[in-house]
Amino acid sequence: MKKIKNNIILIGFMGAGKTTIGKLLAKYLHRKFIDTDNLIEKFAGKSVSRIFNEDGEKKFRSLEKKMISKIVQKDNLVIAVGGGAVTKPKNLSKLKKNGTLVYLYAIAKEILKRIYNKHHRPLMEIAISKKEKLIRIKDLLAIRKTYYEKADYTLNTSNLNTYQVAKKIIKLLKLS
């Protein structure tokens, strides 16, 4: 059995439910919830989409690295990190050092359904049609798969509601 570290860190692709589930999980466990994308937005004074559009992905990833370095120094948190955060080895290493990583997974069609009408997804704004977005999702999932699979646990959220996922994580981590 794996030892649960101080923080519970939710990783995975956009639309997998990291933020929504993270908030509920934190409530159930009486922990503080932190979303790294929200921290970045507060720090930068603009949305993730604006950072991508105005400053580029490289600047966003630099800010993401700073936020991760700050939050991993804290304990007893539920943390949701951006979908690409763990593709940077230093981020992944820092997160794993002080947290138990739970990979929230959803199939590409389910992700598309969840994010299709959302306009704050910078990596999806370049794809116009539904078909193009699905292809983009599949491509990014394939690229990120090996990073996501370095998590301590994997949970498919495709056919589960938020409450079911939160309860499964609690049971999986033996926190109840």
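**Entry 1: overall layout**

I began with the secondary structure and counted 8 helices and 5 strands in the chain, taking helices (H or I, at least four residues) and strands (E, at least two) as DSSP runs numbered from the N terminus. I noted that this is a predicted model, in which local features need pLDDT of at least 70 and side-chain atom pairs count only at pLDDT 80 or more, while totals for chains, interfaces and linings use all residues. Residues are numbered from 1 along each chain as its sequence is written, and side-chain values use heavy atoms, with hydrogens and water left out.

Reading from the N terminus on, I wrote the order of elements down as β-α-β-α-α-α-β-α-β-α-α-β-α. Of the 176 residues in the chain, 48% are buried, where buried means under 20% relative accessible area, exposed over 50% and partly exposed in between (1.4 Å probe, protein chains only). I then looked at contacts, meaning heavy atoms within 4.5 Å, and found that among those between residues at least 6 apart in sequence, 73% join residues at least 24 apart.

I listed the buried residues of α8 (residues 162-172) as V165, A166, I169 and I170. They sit on the same side of α8 because they cover an arc of only 135° around the axis, the arc being that of the directions from the helix axis to the C-beta atoms. On the face of α8 turned away from this buried side I found the exposed residues Y163 and K171.

At its start, a side-chain oxygen of N161 reaches to within 3.0 Å of the backbone nitrogen of Y163, and just after α8, K174 takes a positive phi of about 55°.

**Entry 2: α1 against α8**

From α1, T20, I21, L24, L25, Y28 and L29 meet T162, Y163, V165, A166, K167, I169 and I170 of α8.

**Entry 3: α4 against α5**

For α4 (residues 57-71) and α5 (residues 89-97) I read a packing angle of about 15°, with the axes 10 Å apart, which means that α4 is roughly parallel to α5. The crossing of α4 past α5 is left-handed, and the contact is made by E64, K65, I68 and S69 of α4 and K90, N91, K94 and L95 of α5.

I looked at E64 of α4 on its own, and it is buried, with a relative accessible area of 0%. Leaving aside its neighbours within four places in sequence, I found E64 in contact with D37, I40, G82, G84, A85 and N91.

N98 lies in the loop between α5 and β4, and at 15% relative accessibility it counts as buried. Its side chain makes a polar contact with the side chain of N6 (3.3 Å), and a polar contact of 3.3 Å also joins the side chains of N98 and D75; such a contact is a pair of N or O atoms within 3.5 Å, where within protein one must be able to donate a hydrogen and the other to accept it, and residues adjacent in sequence count only if both atoms are side-chain atoms.

At α2 (residues 36-44), D35 caps the N-terminal end, with a side-chain oxygen 2.8 Å from the backbone nitrogen of D37, and just after α2, G45 takes a positive phi of about 75°.

**Entry 4: positive phi in loops**

Most residues other than glycine have a negative phi. I therefore noted H30, whose phi is near 55°, a positive value in a residue other than glycine; H30 lies in the loop between α1 and β2 (32-35) and, at 71% relative accessibility, counts as exposed.

Notes:
Axes are lines fitted to C-alpha atoms, for helices over the stretch in contact, and angles run from 0 to 180 degrees between N-to-C directions. Angles under 35 degrees count as roughly parallel, over 145 as roughly antiparallel, 65 to 115 as roughly perpendicular and the rest as oblique. A crossing is left-handed if the near helix is turned anticlockwise from the far one by less than a right angle, and right-handed if clockwise.
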